[in-house]
Amino acid sequence: MRRWIGLAAALYPRSWRAEFGEEFRAVLDDVKPSWRVFANVFRGAIEMRIVDGSNWAKVVAAMAVAGAIVGFGVSYRVAPMYISSATISVTPVADPVRPASADLLRERALQRTQELQTLLMSRAELATIINAPRLPLYRGELRNEPLQDVIDEMRRNIRMTRLPSSKGHPVPIMLSISFSYPDAPDAQATVRMLVSKFLELNQRENQDRNRTYRDFWGDMASVEHLKPAPPAPVGQIADVVAAASLPVRMQPNYFVFLVWGFATGALLGFLAVFVTRWPRHTKRVAAFAAAGFVSALVVSLLIPNRYKSTAIMMVQPAVLSENPLAAASSPTSSAEFLRQVEPEILSADNLASVIQNTRLNLYRSEQSTKSIGELVREMRANLSITPFNSGSAFSISFTYPDRFKAQQTVVAMISRFYFLNQEKQRTAMRGMSFRQRAITERKAGAVLDVLDLPSLPVVAVFPNRWMFAGAGLLVGVLIGAISFRFRRPGTPKAFREFRVGPKPDGRAEARPHVGLLQIEVDGTDYGFRAG
Amino acid sequence: MVTDPALLVLASLAEGDKHGYGMMLDIQQFTGIELGPGTLYGVITRLLKSGWIRPLESDERRRPYRITPAGRTYLQEQIAELDSVVKTAQRRLKHA
């Protein structure tokens, strides 16, 4: 400890050490060494360097470097993450009964891969993995956070990347699944579970399609006395190319910690310089900053909470896209579906009907003061429909002060999606033959699916009270700084004079201090103090 | 309790000349406040610049300091101000 204290003492300015160094070391030899003494000596050295006047830039630089060193040290204390990865291939089966071009086969494989990725990342599937009795994951987080937030964290830790296909072989589609977690065995076990779920979901998709296909052909045969149906298409084969790897230890990003430490150190350095050189200014700015912080916090407490409920819907490709009657049609595009339906969902008529729904009773207090057009615009601003995962799915979210109503509104929007989808199909079926209608109906029944049910939010998305308080603090600092421009200079009301004796060197000087002016006349010091 | 380190150092030296560690021990004895070496020498530097204390010649590593007449006057003024506050507070407490 004495060594550390000695190092801190060496940080004093050279001129100061020349004058006081020897006796200061004598005092340090007498005191009992401790971290408190070290901190006191270190603070004294910084203060002395700032008081020294010309050295403030050195202080800031030294603090920044010290911060960078601390940041670098802290990065070693942060728990490492372990990453495990696996690779899966998705291959479309070439069907001699239903020939398709290579491009179409690749498009189908791609679409299936995206579909399975979306299904795998759904709330229900991830919740099953998190709560798996053999794992369970995120135990600490689950004690303090709602499950929805933990699922979001898990989504951030899962990475699914499509690997480039080998030259001249567009299929199979290669997909890498990796998961990062602080515990190595859990990371590997989770990747194993993700892979087995992926394969399981693919198998279920194939079975569903084949069942629908056989049902359809059974119906057709009984109605139109057709010859026996051709064999059901095999679908897509998903296989494991590389099993979950042994987890790789990933240290935190040292550079980020270094930069953060450097920036924080520099900021603290500037703060230390300001506080030491302008203590009265500091008090004034600190008072304004504290007032801003408290006021903003109080204002944020008066603002009602707003909750966001989110659901995820999936647009499945048409079930019978592989039937011989429809030939080898291109899979249904969800982006195209959204493009057709979204304008109707967000139309004034549709939103007005949701607002006027007596069961929901949205914007109740505003209905007497605002027109329905204004309420529709407000609702449109709070409603968000966003496609993701290459357009195979989209999310619907609604923000509202009442969390239950936020959820119910998303339910109502999902119903509207279903209704509009059916309407669209009915319009398309007008004038169709029985057989064509049967095909289209099956398409209609399978196009839309709810992947994640509307969530019941627990934590408000607005207002973020700490962000409000932080902004208030910054505004307070700004007002405090501006206030110096408009401050009237203080004038002493009266002066008292006192004689303090002659100075040995007889040099005339005037040294202003806080509230005190010392002046020398004819070798005698006089002090004038505001009284 | 007076916590201004400058006043504490001046009050300690008002009794007689002392070196740094002597001042630390004296202040701890009469106030219970433990001044760190960094704080103490920050104050000594400021008091020297203000002309309220001056160093004495010494052959030892430990250099003693003495309060100057200006320092004594400043200390008396500060004590008078504190005394005025104490008396006012006592008077108000009696009438309350």
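B:S12 is buried, with a relative accessible area of 0%; buried means under 20% relative accessible area, exposed over 50%, and partly exposed in between (1.4 Å probe, protein chains only). The residue B:S12 belongs to helix α1 of chain B, where helices (H or I, at least four residues) and strands (E, at least two) are DSSP runs, numbered from the N terminus. Leaving aside residues up to four places away in sequence, B:S12 touches B:K18, B:M23, B:D26, B:I27 and B:F30; contact means heavy atoms within 4.5 Å.

This is a predicted model, in which local features need pLDDT of at least 70 and side-chain atom pairs count only at pLDDT 80 or more, while totals for chains, interfaces and linings use all residues. Residues are numbered from 1 along each chain as its sequence is written, chains are lettered from A and ligands numbered from 1 in the order in which they are written, and side-chain values use heavy atoms, with hydrogens and water left out.

**Chain A as a whole**

- The secondary structure of chain A consists of 17 helices and 13 strands.
- Chain A has 531 residues, of which 40% count as buried.
- Among contacts in chain A between residues at least 6 apart in sequence, 75% link residues at least 24 apart.

**The interface between chain B and chain A**

- The size of an interface is often given as the accessible area lost when the parts come together.
- Chain B and chain A bury about 2,400 Å² between them, with 52% of it on carbon and sulfur atoms; buried area is the accessible area (1.4 Å probe) that two parts lose on being put together, summed over both.
- In chain B, the residues B:P37, B:Y41 and B:R61 lose the most area to chain A, together 27% of what that side buries.
- Contacts at this interface involve 29 residues of chain B and 31 residues of chain A.
- The rule finds 12 residue pairs in polar contact across the interface of chain B and chain A (both at pLDDT 80 or more). A polar contact is a pair of N or O atoms within 3.5 Å; within protein, one must be able to donate a hydrogen and the other to accept it, and residues adjacent in sequence count only if both atoms are side-chain atoms.
- Helices α2, α3 (37-50) and α4 (69-95) of chain B each supply at least two residues of the side of chain B that touches chain A.
- With 11 residues, α3(B) gives the most to that side of chain B.
- The residues on the side of chain B that touches chain A divide into 11 nonpolar, 10 polar and eight charged. Here Ala, Val, Leu, Ile, Met, Phe, Trp, Tyr, Cys and Pro count as nonpolar, Asp, Glu, Lys and Arg as charged, and the others, Gly among them, as polar.

**Salt bridges**

- Side chains of opposite charge can pair when their charged atoms come close.
- A salt bridge is a side-chain nitrogen of Lys or Arg within 4 Å of a carboxyl oxygen of Asp or Glu, and the count over all chains is 20.
- Between chain B and chain A the count is five salt bridges.
- A:D30 forms a salt bridge with B:R62, the closest N and O atoms being 2.8 Å apart. This pair crosses between chains, from helix α2 (residues 14-30) of chain A to the loop between β1 (53-55) and β2 (65-67) of chain B.
- A:E23 and B:R63 also meet through their side chains in a salt bridge (2.7 Å, N to O).
- Within chain B, B:R66 forms a salt bridge with B:D17, the closest N and O atoms being 2.7 Å apart. B:R66 lies in strand β2 and B:D17 in the loop between α1 (5-15) and α2 (20-31) of chain B, so the pair ties together parts that are 49 residues apart in sequence.
- Salt bridges that share partners join A:E22, A:R25, A:D29 and B:R61 into one network.

**Backbone features of chain A**

- Most residues other than glycine have a negative phi, and most peptide bonds are trans.
- A:Y138 is not a glycine, yet has a positive phi of about 50 degrees; A:Y138 is in the loop between α6 (123-130) and α7 (139-144) of chain A and counts as buried at 1% relative accessibility.
- A:Y363 likewise has a positive phi of about 50 degrees although it is not a glycine; A:Y363 lies in the loop between α13 (348-355) and α14 (372-382) of chain A.
- The peptide bond from A:F462 to A:P463 is cis, with omega near -5 degrees, and A:P463 lies in the loop between β9 (448-452) and α17 (465-483) of chain A.
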